Amino acid sequence: AMDSYVKNDVLTANNNLLKSIEEGDIESFGELCDGLEIDPVYEGPNKSSVSNAKVNIENGTKAVVSYDRKIKDNLSVRETREWVHGPKGWKCVLVSREELS
């Protein structure tokens with residue numbers, strides 16, 4: 001039961017992060033990430049859609065979220081974000097992506 005609560009929490013943080021990217025909200029982006037910068041190619045102010053989300057929780061304080069994200073008509077990626085839970089909540093510490101054809 002704890003895991004589903006944690007999953008929900010991480011997905012909420014992830015959605016908020018994507019929303020901050022779409023809205024160009026640098027401040028929120030900074031609060032949700034640790035040491036990451038906005039990547040203009042994949043993180044420009046476009047409305048993106050997410051599907052096939054998967055969440056893996058490790059120890060309740062680390063999580064990996066991966067999903068397909070359609071950024072533009074001709075650009076879709078499988079995006080993976082690593083999250084760590086600390087005193088200020090969930091922070092995204094790593095992102096990697098693979099372009100989908």
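This is a predicted model: local features need pLDDT of at least 70, side-chain atom pairs count only at pLDDT 80 or more; totals for chains, interfaces and linings use all residues.
Two strands count as paired if DSSP finds at least two bridges between them. Four strands, the "4 strands" of an open sheet, line up in the order S1-S2-S3-S4, and their pairing is antiparallel. S1 and S4 sit at the edges, each pairing on one side only. From one strand to the next, the twist averages 20°. Looking at one pair, S2 and S3 run antiparallel to each other over 10 bridges. Here Val64 stands opposite Glu82 in S3. Helix H1 packs on this sheet and touches S1, S2, S3 and S4, with its direction at about 125° to that of S3.

H1 covers residues 2-22, which makes 21 residues. From its first C-alpha to its last, H1 reaches 30 Å, close to the 30 Å expected at 1.5 Å a residue. What lies over them? Just past the end of H1, Gly24 takes a positive phi of about 65°.

Arg69 belongs to strand S2, residues 62-72. Is Arg69 buried or exposed? It counts as buried, because its relative accessibility is 2%, and the cut-off for buried is under 20%. Setting aside neighbours within four places in sequence, Arg69 is in contact with residues including Leu18, Tyr42, Glu43, Val50 and Glu79. Ser48 is also among its contacts, and the side chains of Arg69 and Ser48 are joined by a polar contact of 3.2 Å. Gly30, by comparison, lies 39 residues from Arg69 in sequence and 21 Å from it in space, C-alpha to C-alpha.

Finally, the cysteines. How many disulfides does a search of the whole structure find? The count is 0. A disulfide is a covalent bond between the sulfur atoms of two cysteines. For Cys33, the closest cysteine sulfur is that of Cys92, and at 4.8 Å it is too far for a bond; the cut-off is within 2.5 Å. Cys92 is likewise in no disulfide, its nearest cysteine sulfur being that of Cys33. Both residues are hidden from the surface: Cys33 is buried, with a relative accessible area of 6%, and Cys92 is buried at 0%.

Notes
Residues are numbered from 1 along each chain as its sequence is written. Side-chain values use heavy atoms; hydrogens and water are left out. Buried means under 20% relative accessible area, exposed over 50%, partly exposed in between (1.4 Å probe, protein chains only). Helices (H or I, at least four residues) and strands (E, at least two) are DSSP runs, numbered from the N terminus. Contact means heavy atoms within 4.5 Å. A polar contact is a pair of N or O atoms within 3.5 Å; within protein, one must be able to donate a hydrogen and the other to accept it, and residues adjacent in sequence count only if both atoms are side-chain atoms. The expected span of a helix is 1.5 Å times one less than its number of residues. Axes are lines fitted to C-alpha atoms, for helices over the stretch in contact, and angles run from 0 to 180 degrees between N-to-C directions.
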